[in-house]
Amino acid sequence: MRTLRLSDAKAAFSAVVKAAERGQATIITKQGRPAAVVMPVEDARRLHPADRPSFAALLMVIPRAVKTQRRVSP
């Protein structure tokens, strides 16, 4: 994975996108610290699937009630 400064990534943005199309991710730094990643769409979809259920949806499918205790005092 290659690393580019933000100013260099701006100047060569089309090359960064072409690299992503070829399967190569690029880290973009801002003031010397990693700030963003341009990666292939397939990798992004694998890492962040659109059909992933929410935490609330997962809780709603628990087959039985969950007993909890809560302290009333601070």
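The model is predicted: local features need pLDDT of at least 70, side-chain atom pairs count only at pLDDT 80 or more, and totals for chains, interfaces and linings use all residues. Residues are numbered from 1 along each chain as its sequence is written, and side-chain values use heavy atoms, with hydrogens and water left out. The chain holds four helices and three strands. Its radius of gyration is 21 Å, well over the 11 Å that the globule rule gives for 74 residues, so the chain is more spread out than a compact globule.

**Overall fold**

- Read from the N terminus, the elements run β-α-α-β-β-α-α. Helices (H or I, at least four residues) and strands (E, at least two) are DSSP runs, numbered from the N terminus.
- The radius of gyration is taken over C-alpha atoms, and the globule rule is 2.2 Å times the number of residues to the power 0.38.
- The C-alpha trace spans about 55 × 35 × 15 Å along its principal axes.
- Of the contacts between residues at least 6 apart in sequence, 23% join residues at least 24 apart. Contact means heavy atoms within 4.5 Å.

**Burial and core**

- Buried residues account for 15% of the 74 residues. Buried means under 20% relative accessible area, exposed over 50%, and partly exposed in between (1.4 Å probe, protein chains only).
- The accessible surface totals about 6900 Å², and 57% of that belongs to carbon and sulfur atoms. Areas come from the Shrake-Rupley method with a 1.4 Å probe; for residues, only the protein chains shown count as cover.
- In soluble globular proteins, nonpolar side chains tend to be buried together.
- The largest nonpolar core has six residues: Leu4, Ala9, Val16, Ala20, Ile28 and Val38. Such a core is a set of buried Ala, Val, Leu, Ile, Met, Phe, Trp, Tyr and Cys residues joined through side-chain atoms within 4.5 Å.

**Val38 and Gln24**

- Leaving out residues up to four places away in sequence, Val38 touches Val16, Ala20, Gln24, Ala25, Thr26 and Ile28.
- Gln24 sits in the loop between helix 2 (13-21) and strand 2 (26-30). Gln24 is partly exposed, at 31% relative accessibility.
- Gln24 and Val38 are 14 residues apart in sequence and 8.6 Å apart in space, C-alpha to C-alpha.

**Nonpolar surface patch**

- Phe55, Leu58, Leu59, Ile62 and Val66 form a nonpolar surface patch with about 500 Å² of accessible area together.
- Patches take residues with over 30% relative accessible area and no salt bridge; like charges are joined within 9 Å, nonpolar side chains (Val, Leu, Ile, Met, Phe, Trp, Tyr) within 5 Å.
- Leu58 belongs to helix 4 (residues 55-60). Leu58 is partly exposed, at 46% relative accessible area.

**Salt bridges**

- The structure holds two salt bridges. The criterion is a side-chain nitrogen of Lys or Arg within 4 Å of a carboxyl oxygen of Asp or Glu.
- Arg5 pairs with Asp8, with the closest N and O atoms 3.2 Å apart. Arg5 is exposed at 52%, whereas Asp8 is partly exposed at 31%.
- Asp43 and Arg46 form a salt bridge at 3.5 Å, N to O. Both lie in helix 3 (residues 41-47), three residues apart, about one turn of the helix.
- Asp43 is partly exposed at 26%, and Arg46 is exposed at 58%.
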